[in-house]
Amino acid sequence: MEKNSGMFFFTWSEALQAGIKSAGGKGWNLGRLEQYGFKIPAGGVLAAEAYQRFIEENNLLEDTGRIGQSVNIGNIGEKEIEQKLLPLREKIKSAHISSNIRDKLVSCLKAAGILDKPIAVRSSASAEDSAQASFAGIHESFLNVRGVDNILSAIKGCYASLWTPRAVAYRRKMGVKDAEVGQAVVIMEMVAARAAGVAFTCDPQTGREDIFVVNANFGLGESVVNGAIEPDTYCLDVSAFSAVPGLKAKKIGAKQGMTVAAASGGTHFVSYDNLASQQVLPDNDIEKLGLLLMRVFESLGECEEHQDMEWAFDGRDFVLLQARPVTALPCYTFEAIKDKPRIWSNGNYRDAVPMVISPLHRRVMKKSIDTIQFTSFSESGYPMPEGFQFSRLLKGRLYCDMSALQWAHYDSTGTLPKDFNPFWGGHQPEIEIEDTDPFKGEIGLARQSRIMKGASLIMEASANAASTFAEFTRSVESLIGDGFDRIPDQDFIDKYNELGQIVKEYCEKFTSLSGVGTWPLVLLLQKLSGYLGPRVMIVLNGLMVGGKSAITSADHGYRLIELAELARRDKAAVQYLTGNHFNPCSCSWEEYLPESSPFKQEFRNFIKEYGHRCVYELDIANPRWEEDPSYLMDIIKSIMATANPEQWKTRQREKFNQAWAEVAEKIPSEEHAGIQKGIKDAQDGAAVREMTKSVMVMALKAYRLMALELGDRFTQRGIIEKPDDIFYCSWSDLFSILYGNWHGDGLRNLVAARKASQREKEALSPPDVILGEKPVFSEPVDLGSGDFLPGVGAAAGKASGVARLIRHPGEGNRLRPGDVLVAPSTDPGWTPLFLKACAVVMETGGFLSHGSIVAREYGVPAVVNVPGAMQIIKEGRKIVVDGDKGKVFF
């Protein structure tokens, strides 16, 4: 098509640039699809400006204005109103489209090569097919239109359809003013469809988001859209652990016939008795369509906005005729809270995945967490709603359905929201529970039974933890083998499916493994609380300091202290770290340091053991420490002069001894041996809990290695510009190319759009809580007369220092030894910064968050879940962190 089509007709790419106001929702979305490489019919959009010109030139402004003044939601069904609307529609149909618009339209359709072909003329109102209002079936479309005069008549038919009672009623219902709606018109080549239909990236009837639903019939899709027949219905399982959505269920509809193009133009319905028993699409084509639908969901919906599509199949390829957001989806949740407001929180998620997740990894990450959450209830026998998902993405970040999570914990094990929230972290409100005695009657017995079942699973997981970790690690290492650089393209799909099955099975064990760190701590807390009263958390925090169990998230910190001390005594290391050769962003240490350097040998060992980890390690877009050790080298360099492992251990012993002295004073001696065992069990449990995540990160390394290899291949083939662009693709993009369903044209445009979207999302301040769809930002707590901020005391002790507000570990070089680390949240990659801090303050986090566990182990005073800490605490201000009282003083 010609590029500069003027203001009245847009090519698909021009429709994208023109936006919804000019191209309408349908035209703009088709422009996006074409730009991103989806197969759509040849054509373009007659702009909404042409409609405005048409109304003005035919003196219809006054008529349309009168409708706006006289028709309201109360009288829309009255006969008098229809008598006003009908003449307006007739005037529009008999009016004249100016010659300059006609000539431009003819020129553009001829350039597109479709002027003499059967055409579909479809309404594309400026408010249509948006996230707020779909206008589905409200405005007219005309199929199999032939010849210029008929095309012009169909365009006027689209214009007139703005003024039907149903269209006006819909606008009134949705609060859309008549003047706000301009009517663009999509004009596209008809697809010679062997089959067609509609598809949803969710189940629009139940609200389930773990399946795709496809309706299909032979011939044109009109019979499906207008409900003329009962179509085939196919349901696809869209687990991110599989490369392609798999056919889950199908129902062969009683198809009484199909819609076909009429020889004289338009369409007609043809009855066939033998169609009812025939499946419209073969199973392999259904799954091929499912992969296409996933691409649309990830491209237009960004995994957040479900899509409603019309498609056609020409016998070889699937062609998309339209895509729009699903605007109203039923709430799929537990029956008891179905009518309650939904509470979404980033509390615990912000501790582990606070970042905007890369497009390549967001579905895998979300599915992994949902599997962990789901299994935590189903494994103990609690009846979960099939396919329920606890998580959602909002502006690229993960949030948890706290209404559902609080209810499930209460209903399954009797845990009250007020007791659950402090452990989970976050600033969400508690759901209302009418029965505050959850263990009475038969329901109470069932809850106690599930508690015992959960405890049994945790004990089993504890006994098998070492072998589980070893088996999972072996499986991942075996899958990686010698790398992926020599395997054929097609084998990546098998590798992905194999890895997905490994990760799925591990996620199903994850809750019991991490529970090994929760259960003994709860038992110890119960044993101590009867003797220590309100001081129980203070003493418990002290007892957890400096345990003999190797907590991996803490252990790499200890090793960095030892490395820093070793570097201080290693002349070659000192010269490297303080000289001109130091380049933390490269592997220059391998080149510069001699093999005789003790520091070099030990750093190699460190990388071998912990190199699969990194800051924000749950997103595979982030380089692992073995690829980029700059963060570690900076830590070592900054603490090299002061590193003293023995002094660190001495401080830990002092804190433990202080807590034990209180135990010895207040608890009978005959209880001491049991308490000492409880401490060891809790410390061993914490080690298992932290190792559970470390081993999980091993699998993510495999995903990353596959992505890096595909990034190199696709760059060499010119599909993407540079290897790292692979992280702005989706796996459905990559598999479509690997399967040969798509050549990758348009992927560069999609990568550019996703990069822009990522930047926009990262610039946003994420709300802590979302009530329904309303974002709620936690307000800083008033200091009050005590001049302190309250939080959760997560690690024992009291320390004062200068506050350093660190928003990302990359800013860690601003943190000097003896400063207070103030952070929004921390994952294990942050914990090396704890080595420099005298105390830690976090905006979010619970008692069992990674930051809390490591702070307790290190003996660094910590207060977590302090709302507004990053706003109210000023950079450079001296503060006091009291981990015993859970307060930050000024």
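Analyst: **A spot in a loop, and where it leads**

Leaving aside residues up to four places away in sequence, Val-280 touches Ala-195, Ala-216, Asn-217, Phe-218, Asp-232, Tyr-234 and Lys-255, where contact means heavy atoms within 4.5 Å. Before going on, please note that this is a predicted model, in which local features need pLDDT of at least 70 and side-chain atom pairs count only at pLDDT 80 or more, while totals for chains, interfaces and linings use all residues. Residues are numbered from 1 along each chain as its sequence is written, and side-chain values use heavy atoms, with hydrogens and water left out.

Helices (H or I, at least four residues) and strands (E, at least two) are DSSP runs, numbered from the N terminus. Val-280 counts as buried because its relative accessibility is 9%; buried means under 20% relative accessible area, exposed over 50%, and partly exposed in between (1.4 Å probe, protein chains only). One of the contacts of Val-280, Asp-232, is 48 residues away along the chain, with 6.9 Å between the two C-alpha atoms.

Now step past α10. The loop between α10 (283–299) and β12 (307–313) holds Glu-302. Phi of Glu-302 is near 50°, a positive value in a residue other than glycine. Most residues other than glycine have a negative phi. Glu-302 has a relative accessible area of 23%, so it is partly exposed. Asn-59 sits in the loop between α3 (48–57) and α4 (61–70), and it counts as exposed because its relative accessibility is 63%.

Side chains of opposite charge can pair when their charged atoms come close. The whole structure has 50 salt bridges, each one a side-chain nitrogen of Lys or Arg within 4 Å of a carboxyl oxygen of Asp or Glu. Among them is the pair Arg-122 and Glu-310, whose closest N and O atoms are 2.7 Å apart. This pair links distant parts of the chain, with Arg-122 in strand β3 (residues 119–125) and Glu-310 in strand β12, 188 residues apart. Both ends are tucked away: Arg-122 is buried at a relative accessible area of 8%, and Glu-310 counts as buried at 12% relative accessibility.

Further along, a salt bridge joins Glu-671 and Lys-527 (3.6 Å, N to O). Here, too, distant parts of the chain are linked: Glu-671 lies in the loop between α24 (645–666) and α25, and Lys-527 in helix α17 (residues 519–532), 144 residues apart. Glu-671 counts as partly exposed at 25% relative accessibility, and Lys-527 as partly exposed at 36%. Arg-535 forms a salt bridge with Glu-662, where the closest N and O atoms are 2.6 Å apart. Of this pair, Arg-535 is in the loop between α17 and α18 (536–543) and Glu-662 is in helix α24, 127 residues apart. Arg-535 counts as partly exposed at 34% relative accessibility, whereas Glu-662 counts as buried at 12%. Elsewhere, salt bridges that share partners join Arg-804, Glu-811, Arg-814, Asp-819 and Glu-875 into one network.

Our last stop is α25. Glu-690 belongs to this helix (residues 672–716). Setting aside residues up to four places away in sequence, Glu-690 touches Ile-551, Thr-552, Ser-553, Pro-828, His-850 and Ile-853.

Finally, which way does a neighbouring helix run? The axes of helix α16 (residues 491–515) and α25 come within 10 Å and cross at roughly 165°. That angle makes α16 roughly antiparallel to α25, because angles over 145 degrees count as roughly antiparallel, under 35 as roughly parallel, 65 to 115 as roughly perpendicular and the rest as oblique. Axes are lines fitted to C-alpha atoms, for helices over the stretch in contact, and angles run from 0 to 180 degrees between N-to-C directions.
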